[in-house]
Amino acid sequence: MTATTARPRAADEASDAPSPLPARIIEAERRLLAGLLSPPPENLERQRRRCELVVALADEMSAHRWSLTEHQHIYAAICRIAAAGDYPSAAAVRAELRRVKAVDAADLAGELALLSPGDADVPQWGAQCVELRRACDAYSAAAQTLRALDAGQTVADIAPRVAELAAAATPAAPSGRRPDLLSAADIEPRQVAWLWPGRIPLGMLTLLGSVPGVGKSFLTFDFAARITTTGRYPDGTTGPTGAVIVINAEDPADSVIVPRLLASGADLRRVHILTGTLTTDPETGKTVRTAWSLSYVDTLRDALRATPDSRLVVIDPVGSYLGGRTDAHRDNEVRAQLAPLCDIAFETGVAILLVAHHRKAESDHADDMILGSRAFTGIVRVVWHLTRDADDPERRLLTAGKNNLARRG
């Protein structure tokens, strides 16, 4: 496919009427069109490449049965303007639509007003196309292509990839779902990042378990002290420094948590304690505080946005935050609660340390001692166990359990 042979399919060439689509698809189409109508880049070369892109993708994009007739005509106008070598700004599209008088002018004006082109830009446009992948694989090609184009590649460089994606479009299953396949060749390998090298990974979940009274919480305060100051660990390795968020259900902040942080040498300015969630009562306007749980996991994401230098989140003990309706012994229920934490860790790059108790019954395998479902040890990448030294009651041993990322030792 080349920019010289592709052309948009006119509105009257559509063989069938547009298929009705959910409201989310209509909104996603609006965002996509808004991206194409965004103000011209100051760089004239980038303007030229954006016009080439629209023309090069015309066949694939117009193959989609737009959810609204207005969308179909707006996109056709964009293609005609770009094919003529002009930049398809919102003003140019309005003029083109008035010229062809395709549909009622009032309907088009109203739909154009909803597109809000001034609020869209190239990265947003690419991100919004994710929703449309479920409606038409050509949008996936368009999103990837626009990102590549904005990064400096030319249409000639990326046109083969567009054609490949379009050719691989999978027909919709009766349910409307399509497999979301990603070639391993398109994935850039990366090294695992570590908070404590070889022991606590960044961007993933780690579990720390022991029987009550051994010092799990105290150890987390020691971690907080190291992370907020030097980043040095007992084995001589060094990790990144930054802030720490502590979520602790069993110890009061003023009489236990803060004194122990001070005793450990932590920089208190970099330690943040998440004590609950705040909402506003719509009737009284008063602020209402509720206890935090994993049901409000989005508030943790907000807390991390407010502390962008955070390196560690401690949830102690994790069982206290599952919520009253979650059975801690049912694998599917536990995974449903912990999976969003995995997403947050991956998105933000922080290490999330879950603290758990050991069960009373003995087991031949240390990881089976964790109280509750095996999902606790299954979903995390690393498990550690804190035990007393049988020969020295004042000494604690940090022993390895599961570790999917480094050599056990």
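Trainee: Where does Trp196 stand, buried or exposed?

Mentor: Buried means under 20% relative accessible area and exposed over 50%, with partly exposed in between (1.4 Å probe, protein chains only). Trp196 has a relative accessible area of 6%, so it is buried. This is a predicted model, in which local features need pLDDT of at least 70 and side-chain atom pairs count only at pLDDT 80 or more, while totals for chains, interfaces and linings use all residues. Residues are numbered from 1 along each chain as its sequence is written, and side-chain values use heavy atoms, leaving out hydrogens and water.

Trainee: How many aromatic pairs are there, and what describes one?

Mentor: The distance between ring centres and the angle between planes describe a pair. Rings of Phe, Tyr and Trp (its six-membered ring) pair if their centres lie within 6.5 Å; planes under 30 degrees apart are stacked, over 60 edge-to-face, and the rest tilted. The count here is 3 aromatic pairs. Trp196 and Phe223 have ring centres 5.9 Å apart and planes at 65°, so this pair is edge-to-face. It links distant parts of the chain, with Trp196 in strand β1 (residues 194-196) and Phe223 in helix α10 (residues 216-228), 27 residues apart. Helices (H or I, at least four residues) and strands (E, at least two) are DSSP runs numbered from the N terminus. Phe223, at 5% relative accessibility, is also buried. Ring pairs join Trp196, Phe223 and Tyr233 in a cluster.

Trainee: Which strands pair with β4?

Mentor: Two strands pair if DSSP finds at least two bridges between them. Strand β8 (residues 310-316) pairs with β4 in the parallel sense over 6 bridges, and Val244 stands opposite Leu312 there. Strand β5 (residues 271-273) is joined to β4 by 3 bridges, also in parallel, with Val246 opposite Ile273.

Trainee: Why is β4 largely enclosed?

Mentor: In β4 (residues 243-248), 6 of the 6 residues are buried, so the rest of the structure largely encloses the strand. Ala243, Ile245 and Ile247 point one way, and Val244, Val246 and Asn248 the other.

Trainee: Which residues touch the most other members of the largest nonpolar core?

Mentor: A nonpolar core is a set of buried Ala, Val, Leu, Ile, Met, Phe, Trp, Tyr and Cys residues joined through side-chain atoms within 4.5 Å. The largest one has 30 residues, and Ile247, Val313, Ile315, Leu338, Leu341, Ile352 and Leu354 touch the most other members. Its largest share, 5 residues, comes from α13. Apart from this core lies another, of 27 residues, including Leu195, Leu219, Val244 and Leu261.
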